[in-house]
Structure formats: C-alpha cells, structure tokens
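User: I'm new to this one and would like to walk through it with you. Could you bring it up first?
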Amino acid sequence: MDNLPKGTLVNLKDLSIEEIIEILDTAEEFLAGKRVDLSDKLVANLFFEPSTRTRYSFEAAESRLGCQVLSFAKEASSMLKGESFYDTVKTFSQYVDAIIIRHSEDNYYEELIGKIPVPLINGGDGCGNHPTQSLLDLLTIRQEFGKFEGLKIVIVGDISHSRVAHTNTEVMRRLGMEVFLSAPPEFQDDEEDYVDLDEIIGEVDIVMLLRIQFERHQDKLNMSMEEYHRRYGLTLERYEKMQDHAIIMHPAPVNRGLEIDDSLVECEKSRIFKQMKNGMYIRMAVLYRALTKGDENDSY
Ligand code: CP
C-alpha cells in the first residue's frame, strides 16, 4: 500500500517475497545475538482481544530492543466513556513511534489506513489476518528445511475462522509451497478445496493443526469433541503415518486432546514451542523495520 508510514504491516499480501525474506533474515540476526539500542523509541501495544503469545512476545521484543512501551487497557481507558476505536488509536498515534493492534473485527485497520502518522503493526484481526504469526511460521519452516519451494503442508481444523490459515495459505502458495486444507464442512471456506487428512498425512512435510475458535462461533461444531478428535485431530495413529522428516506445527493456544493428542504437543516432531520462541525474534525484526526504516545508514 502506498502513502503509509514506512514499516506498516497490516497484511502480508502488501509485502513482496524479497521484503518477507529480509524480515526473516533480520530475525535470524537477532536470534544470533544482534543487538540494537532503540531506547529513544516508544511503542504502544493496543490489545482489544485476549492474547498470550502475540502480546507478550511483542513486549519481550520491545524490551530486548530497548524500546519504551505503553500498554493499553480498554477497561481503564476513555472508551468506557464512549470514545471510539478510531479516536483511541489516533490519540495514541500522537504519543508513540509505532502501534501494535489486535482486534476481534476483520480488517479493523481499514478505517485507520492513511489517517495515523506512525507505523501500524497488525497483531491479528478477527478471522482475517495474522501477519507476524505467518512470519514466525515461515521462519520455523525455513530453519527446518532451508527452503519453501516444493514443500507440502496440510493445515487442519477451523479454517474459516482462522486468520493464521488465511494468511499462511496466501503467503505459502506465493513462496511455492503446496498447501492442502482439511476441515469439517462447517469450518470450510467456500473458495477452497479440501482433502481427507488420512489420505494426505503420509505425503506432507508439515502438519499444521488449528485450534477450534469457540469464542468466534457458538455451537457450530456439528459433532462431539471426541468425534472431532477421531476424524480431524492428530491422533497417535495418524502420527505414525507421518514421514520421518515431517514436523508438527500449531499457532497455539492448543486445545490439548482435541486437535492434537496431549502427548504429541511436546513430541520429537513438534515445533510448537519453537514457533513461540521464533515469534519473539520475528517481532523484534518487524519492530526494528518499523522503527528504523528510512533512517540514514540503515539497510531498510
Ligand atoms: N498464536 C497466537 O496468536 O496466540 P495468542 O492468541 O496467545 O497471541
């Protein structure tokens, strides 16, 4: 998108492959010990929806970069006096150098685009997009396989309510990966084709499970939890069908025993906690890009 503050990241579709690879490379540099001092920068974390990984890995990233942080609590803000979302964000944009927002509304950022003077980083919008989650997923995949082209992934579960599935499907196909989706009919997006998990699990390099997002739909699952686990979950039986080199991913939080057998969450093939750690380095890279882009003597 044109005319936005440099370093804005609301949707990975707005980044070229080269820009995505540059962020992954910067995250690797931070992982390897790169140090910077951004103590003159102030960042606001505006979380309008619960979060553990995104919120606190951003806070950890901000801390490691030396940034100062304003954390927002809606219940202690003037939103309780009727102030709008737009006016709240616009107010913060007068104080800080970058803003991170998570919100339950798809595309919440559209009313902000072009209206706030500092970079906006999307920490997840409803069922829409989760760009920093996809970047950390890509970092984890590249660390494992050293490439994207030709890799096969099956993403399984609540596809239609998953911002992670939506962002990953687009960017992974752009990177040359073969993306298969498996989901019960009630969790399928109309425009996609779906596969039987049992027919594909022995062929893929990556099995990515998704949490059923009960907070976004009431009683939409047309089967018991036990039946869902048996038909769509990563059971011990399905685990045995995975290729030797294949890995398990999940954006988390995990419903242990529902989309994945409890004992597999931390098994040898699982990269679930590695994804979380990579999230901190990716968010350092995304913040570094937002806070230094355009600065003299900086590669961004
Ligand atoms: N994966 C993820 O976004 O987790 P949180 O909802 O805990 O941030």
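User: Okay, where does the ligand sit?
Analyst: In this model, which is predicted, the ligand sits in the largest pocket.

User: And which residues surround the ligand there?
Analyst: The ligand is surrounded by Ser 51, Thr 52, Arg 53, Thr 54, Arg 102, His 130, Gln 133, Pro 251 and Ala 252. Sorted by class, that shell has five polar, two charged and two nonpolar residues.

User: What lies 2.8 Å from an oxygen atom of the ligand?
Analyst: That is a backbone N or O atom of Thr 52, while a polar backbone atom of Arg 53 is 3.0 Å from an oxygen atom of the ligand. From His 130 it is a polar side-chain atom that lies 2.9 Å from a ligand oxygen.

User: How much of the ligand's accessible area does the protein cover?
Analyst: On its own the ligand has 250 Å² of accessible area, and the protein covers 91% of it.

User: Switching topic, which domains does the chain have?
Analyst: The domain assignment gives domain 1, made of 12-129 + 277-292, and domain 2, which is 132-275. Taken over C-alpha atoms, the centres of domain 1 and domain 2 are separated by 26 Å.

User: How many residues are in contact between domain 1 and domain 2?
Analyst: On the side of domain 1 there are 33 residues in contact with 28 residues of domain 2.

User: Back to the ligand, then: where does it lie relative to the domains?
Analyst: Domain 1 and domain 2 both give residues to the shell around the ligand, so the ligand lies between them.

Conventions
Residues are numbered from 1 along each chain as its sequence is written. This is a predicted model: local features need pLDDT of at least 70, side-chain atom pairs count only at pLDDT 80 or more; totals for chains, interfaces and linings use all residues. Side-chain values use heavy atoms; hydrogens and water are left out. A residue is near a molecule or strand if one of its heavy atoms lies within 4 Å of it. A polar contact is a pair of N or O atoms within 3.5 Å; within protein, one must be able to donate a hydrogen and the other to accept it, and residues adjacent in sequence count only if both atoms are side-chain atoms. Accessible areas come from the Shrake-Rupley method with a 1.4 Å probe; for residues, only the protein chains shown count as cover. On a 1 Å grid over the protein atoms alone, a cavity is a set of points where a 1.4 Å probe fits but cannot get out, and a pocket is an open set with protein on both sides within 12 Å along at least five of seven lines; lining residues have an atom within 4 Å of a point. A molecule sits in a cavity or pocket if more than half of its atoms lie within 2 Å of its grid points. Ala, Val, Leu, Ile, Met, Phe, Trp, Tyr, Cys and Pro count as nonpolar, Asp, Glu, Lys and Arg as charged, and the others, Gly among them, as polar. Domain bounds come from an automatic or database domain assignment. Contact means heavy atoms within 4.5 Å.
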